[in-house]
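Please look through the sequence and the model below before reading on.

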Amino acid sequence: MEIHIKDILLILFYLITPALVIHYAGRFLLIKKAGNIVVVYLIGLIVGNIGILDASSMPIQENMTNLTILLSLPLLLVSLNFSSWTRMAPKSFVSLALGLISVFTVVVIGHYLFKPIIHDAWKVSGLLVGVYTGGTPNLASIKEALNVPSHEYLMVHTSDLIYSGAYLLFLMTIGKGLFKKWLPYGYLNNSSFEKPGVDFANSEEYTNFFKVYNLVPTFGMLILSILILAISFGFSMLFADEYQVMIIILSITTMGLIASFIPMLRRTPKSYELGMYLILVFSLVVASMADMNKFSMEAIPIFLYVSFTITLSLLLHLILSKIFKIDADTMIITSTALICSPPFVPVIAGALNNRSIIISGLTIGIVGYAIGNYLGIFTALLLKP
């Protein structure tokens, strides 16, 4: 009976804590600046390493990580307007392609350099391609698809948070000046761009989330997400056991993308917010599973791999942009959308004093979210021993 009560309390902690972080994010500047995911990660790390959790908590933690990420994917994807892809300017498409090539090339090179010192380097490589073409949701889903240990996932994500933060600071300060000296200057404002279905500058708007006019349709989207998961699970039964989780992830991604082309589903309010809430629950659970003793021993090689990937992919993207005559602003906003994820696009656009580039950056970010799972899993399988 005690174990049962403990399990219930643990589940409630995982479900309620992200809601409290969301609630107080707007009230405390420090929380708002840090970001919800960073805050829940810190809380999870503290709870997981002060001795109140033990091995008996593992089944609940594993089940919650699996369920939250699988349910969140359709909710995130269905809210995106992919018709804006066709309205991207040709140079934005080229810059996106160059950015993807840069990330993939550098990760593959880094895999062979760091393979001797990183356990399951092929899995880490898949995670890096996923997060640097998409974002945290892709990183989380690829973790499940490749069965990456929680402490290893946390090392990748924490290293990314640290180094990409420095990278963002570099872009906002001396980087923008250096790139404008090297690349052509003068971004063309393409007014024909269609605004994406989600404005990532303010994508998580939880105001009135529990109002009936929002709650009922959002609950319907949760039911749809459960149905997509059930269909994907049934489809995965046609494959060998070792590929089933991977098939589930790819099937959910594909059906989520298909659903996004149905206007009634795409315009459902708060489905994106519910998906991001589930990502926060996932992040909290994973962080609480992390063994900081292992992290301190194994983190340096992974941090070096992350640093290598961000730095070299930026340099390669810069060189390719010079060859293909991509202007500085387009190159910078593309790199921001891929490496740092779409929420930082408006930040960099402001630093560049060029708000007309926001729509281009957000659209590139949407493409990254859509293809990140495919590219990350493909890279891992390509490099798998």
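Asn147 is exposed, with a relative accessible area of 59%, where exposed means over 50% relative accessible area, buried under 20% and partly exposed in between, computed with a 1.4 Å probe and protein chains only. Asn147 sits in the loop between α7 (136-146) and α8 (150-182), and its phi is near 55 degrees, a positive value in a residue other than glycine. This is a predicted model, in which local features need pLDDT of at least 70 and side-chain atom pairs count only at pLDDT 80 or more, while totals for chains, interfaces and linings use all residues. Residues are numbered from 1 along each chain as its sequence is written, and side-chain values use heavy atoms, with hydrogens and water left out.

The helix that Asn147 follows is α7, and here helices (H or I, at least four residues) and strands (E, at least two) are DSSP runs, numbered from the N terminus. In α7, 11 of the 11 residues are buried, so the helix is largely enclosed by the rest of the structure. Among these buried residues are Asn138, Lys143 and Glu144, as well as Leu139, Ile142 and Leu146.

A second residue with a positive phi is Lys325, which is not a glycine and has a value of about 60 degrees. Lys325 belongs to the loop between α13 and α14 (328-340), and at 56% relative accessibility it counts as exposed.

Helix α13 (residues 292-323) also holds His317, which is buried, with a relative accessible area of 3%. A polar atom of the His317 side chain lies 3.3 Å from the backbone oxygen of Ser95; such a polar contact is a pair of N or O atoms within 3.5 Å, where within protein one must be able to donate a hydrogen and the other to accept it, and residues adjacent in sequence count only if both atoms are side-chain atoms. Once residues up to four places away in sequence are set aside, His317 touches Ser95, Leu98, Gly99, Ser102, Met331, Thr334 and Ser335, contact meaning heavy atoms within 4.5 Å.

Val107 lies in helix α5 (residues 90-114) and is buried, with a relative accessible area of 0%. Apart from neighbours within four places in sequence, Val107 is in contact with Ser125, Leu128, Val129, Tyr305, Thr309 and Thr379. Although Val107 and Tyr132 are 25 residues apart along the chain, their C-alpha atoms are separated by 9.9 Å.

Thr133 is found in helix α6 (residues 121-133), and with a relative accessible area of 2% it is buried. Where does the side chain of Thr133 reach a backbone oxygen at 2.7 Å? The oxygen in question is that of Val129, and the backbone oxygen of Gly130 lies 3.4 Å from a polar atom of the Thr133 side chain. Beyond its neighbours within four places in sequence, Thr133 is in contact with Leu100, Val103, Leu338, Gly368, Tyr369, Gly372 and Leu375.

Ser251, in helix α10 (residues 244-259), counts as buried at 13% relative accessibility. The side chain of Ser251 reaches the backbone oxygen of Ile247 at 2.7 Å, and, not counting residues up to four places away in sequence, Ser251 touches Ser232 and Phe235. Helix α4 (residues 58-78) and helix α9 (residues 212-236) pack at an angle of about 115 degrees, with their axes 9 Å apart; the axes are lines fitted to C-alpha atoms, for helices over the stretch in contact, and angles run from 0 to 180 degrees between N-to-C directions. From α4, Leu67, Leu70, Leu71, Pro74, Leu75 and Val78 meet Met221, Leu222, Ser225, Ile226, Ile228 and Leu229 of α9. By class, this contact has 11 nonpolar, 1 polar and no charged residues, where Ala, Val, Leu, Ile, Met, Phe, Trp, Tyr, Cys and Pro count as nonpolar, Asp, Glu, Lys and Arg as charged, and the others, Gly among them, as polar.

For the protein as a whole, there are 16 helices and 0 strands, and 55% of the 385 residues count as buried. Among contacts between residues at least 6 apart in sequence, 84% join residues at least 24 apart.
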